[in-house]
Amino acid sequence: MESAYTYQPLPDPANSIRLLSIEPGWPSDPIRVSIKVIPNLDQSPPYQALSYVWGSVENPALIECDGEPMEITRNLATALVALRLLPADGDPAANGVVVMDESHILHSKNRAWKGIARNRNEVEMIQSRRASADPPLFWIDALCINQKDVQECAEQVKLMRRLYTTASMVCIWLGNELVIPEVPASKLQTSRIDRAFGRTRLAELDPMAVVLSFFAQALRNSDRVKLNEYGMPDVDLLGFPSQKTPEHKILGAFFNQPYFHRVWIVQEAVLAREAKVLVGPWELDWKSFAEAVHILDAGNLRNPFTLQLRVTGVVSEESSSGVDIPAALYLCQIQRLPGRKEGLFPLLNKSRTRKATKEVDHVFAVLGLAGDVANATELSQELVAVDYKKPVAQVFRDATWFIILNHATLRPLAAAEFLEERPIPDCPSWVPIWSEPRRTSGIDYESFHADAGQKMNIQKVENANELKVSGFSLDSIISVTSGLVDEKLAVRTEDELVEWHYPPRQEEIDFVKSAWSLITDFYRSILNGSSSPVTTSQDSNTQLYLPTYYDSDEGVFEAFVRTLSVQTSEASPDDRGDESKDMIDSAEAWFQQSVGWSSHPASLVTKIWHTIRDKWYPGAGMLFQASLLRACVGRKFFVTKRGFIGIGPASLKPDDLVVVILGVPVPFLVRKTESQNYILIGECYVDGIMDGELVQTKQGAGKEAEIFTLI
């Protein structure tokens, strides 16, 4: 975008800012702004900050900045119109303002959202928007930063936390109107019965009225929110329409606004002392919005699902497209943290699902919220200093080094997923691509102890692209399935499936059958003498063999189920439910309904019992289905040379090596290179080593840890 405006240099880019004022005007008047330099942010006059999405640079809008023409994005132009005051004199209605008096059906005094939201065209609001002697000042990044000055941009980015915490108000601009999915007009119209009783459907009038009604009703449910058995907020929402109604699609459209999915807006919204959400003429108090979002989440509106059950020959189907709450919910959650700060690692993990124009901003945009960065030594802070001249791979690598060195942890390795075609070509395999969403759901650290609780042990390196770690190798892969890839599914970095469904689709059935065939083919090859016999006896002090439960068909099946559902071998009350008997029973029902008993050893009595149960309890396989989707989408099933079974990234290949790296509670797959170094393929689950068995066996025999140089 072009501009004839010349920016006056900032006397101290690390402490000086620019503020702008907007000339009052009616909706159709040209946009005129004026910019002035504030030498010291600490001595700045009161100002408001705008938090928004830049929008497309195509078809820019033209404004005047101190008398000079300047091009800006259309979205910013509509925000400036919404923010500017109205002229002190003149009839609003005659100048394009749609005035809303108290008799209007959508006036806040007549609606449930009274006290939390309002329309700025209400008569009372119009009077408060009239021009005054002291027009408000604003800080808006696109206009207050010289975007052509790379060094100034870097220095101003470092000021973001102060800029948004100092602002008297943060105006969150979602756009000039709420864009909703295509819904037939007939679906939004007031029914004849309602019209006869003098009632009007809000969806027919204004989609934002529907959204505000949802928020108001959510707040009415606040006293009903309780903690469930897992310590999580839970509520059975009352007063809400069916999830099949168009109103839910309108609510979903609100949360799908591009604003909630941008990486930069996280700190802008979170750090605000006071904030309000603006959509066209509507404004909503941020604190009320945040509380409502927490309640909607507790009501489990977020999860899309498709459920089809057949009971005594009758098919019953339920489905919901869900509401994409998590992106907005994350902002509200950080606000509740002490100091509104979080560690850099979780911030980077969450930013992976967000969008940014520049890949490096997935790191730079969250630094203001990272408490560990603020409290780190000056030397450590240099690793994550904002520098737009640094290559993307170096920014991602240095951020990962910061986490490893400052927290003495190698857990960021579990966030790395190797791809044959690297999105960032020069990025080391052990460095997560922080600008790319995960392709798999992360394995729960808290449930496993593959490293037997050992601390990390890394070696000094001369090349910062290398990471020398200590650990133990188990075995190499001999056979793998195809990956479970379902284009209808997507996975979030928060480890939540976008869509849950039952019964299973053919892709999942084929994956499970293929995995079971790998096991049966492996043991058949042993019986035929084409492979070395597998033993479960510990006849060597340094070699870990299969657990003894592999001696029975039942034990092999249970290990298979644990692997596909990523379960511990002992029951524990967490979000995956009972991790032993309930999961096995659910898996047996899943096999009965989806695969058939030819793939599973079971007695005649068991088969008859499950046939009866399937008739009366057709959803018995849902627990296993949910865990299968969470664990296996984006992964492959594999068998090692000695018969260990596991799941790992879709990029794994035969001959990849299973290793346990000290300091990380889950195992990994690595690939040896010609230079005798290793490529990190990604985390994996391997039955029989998740509780430290490999490390304990090796160390018990006096074996020294191996050194793996990851590149």
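Me: Two strands pair if DSSP finds at least two bridges between them. With that in hand, what is the strand order of the open sheet of 10 strands?

Reply: The order is S5-S4-S2-S1-S7-S3-S8-S11-S12-S6, and the pairing is mixed. Strands here are DSSP runs of E with at least two residues, helices runs of H or I with at least four, all numbered from the N terminus. The model is predicted, so local features need pLDDT of at least 70 and side-chain atom pairs 80 or more, while totals for chains, interfaces and linings use all residues. Residues are numbered from 1 along each chain as its sequence is written, and side-chain values use heavy atoms, with hydrogens and water left out.

Me: What makes S5 and S6 edge strands?

Reply: Strand S5 (68-72) and strand S6 (117-119) each have a single partner strand, so one side of each lacks a neighbour in the sheet. From one strand to the next, the twist averages 35°.

Me: How do you know that S4 and S5 pair?

Reply: Five bridges join strand S4 (residues 61-65) to S5, and the two run antiparallel. The requirement is at least two, so they pair.

Me: Which residues make the contact of H20 and H23?

Reply: H20 brings Val561, Leu564 and Ser565 to the contact (heavy atoms within 4.5 Å). H23 brings Phe624, Ser627, Leu628, Ala631 and Cys632. Six of the contact residues are nonpolar, two are polar and none is charged.

Me: Why is the pair of lysine 653 and glutamate 420 called a salt bridge?

Reply: A salt bridge needs a side-chain nitrogen of Lys or Arg within 4 Å of a carboxyl oxygen of Asp or Glu. Here the closest N and O atoms are 3.4 Å apart, so the pair qualifies. Lysine 653 lies in the loop between strand S19 (645-649) and strand S20 (657-661), and glutamate 420 in the loop between helix H18 (392-407) and strand S15 (458-459), so the bridge ties together parts 233 residues apart in sequence.

Me: What makes lysine 653 partly exposed?

Reply: Its relative accessible area is 39%. Buried is under 20%, exposed over 50%, partly exposed in between (1.4 Å probe, protein chains only). Glutamate 420, at 46%, is therefore partly exposed as well.

Me: Why does serine 651 count as buried?

Reply: Serine 651 has 12% relative accessibility, which is under 20%, so it is buried. Serine 651 lies in the loop between S19 and S20. Leaving aside neighbours within four places in sequence, its contacts are Phe418, Glu420, Asp656, Arg671 and Ile681. Serine 651 and glutamate 420 are 231 residues apart in sequence, yet 7.2 Å apart in space, C-alpha to C-alpha.

Me: How do you know that arginine 642 and aspartate 475 form a salt bridge?

Reply: The closest N and O atoms are 3.9 Å apart, within the 4 Å limit, so it counts. Arginine 642 lies in the loop between strand S18 (635-640) and S19, and aspartate 475 in strand S16 (residues 467-480), so parts 167 residues apart in sequence are tied together. Both residues are buried.

Me: How many salt bridges does the structure hold?

Reply: It holds 26.

Terms used
Ala, Val, Leu, Ile, Met, Phe, Trp, Tyr, Cys and Pro count as nonpolar, Asp, Glu, Lys and Arg as charged, and the others, Gly among them, as polar. Axes are lines fitted to C-alpha atoms, for helices over the stretch in contact, and angles run from 0 to 180 degrees between N-to-C directions.
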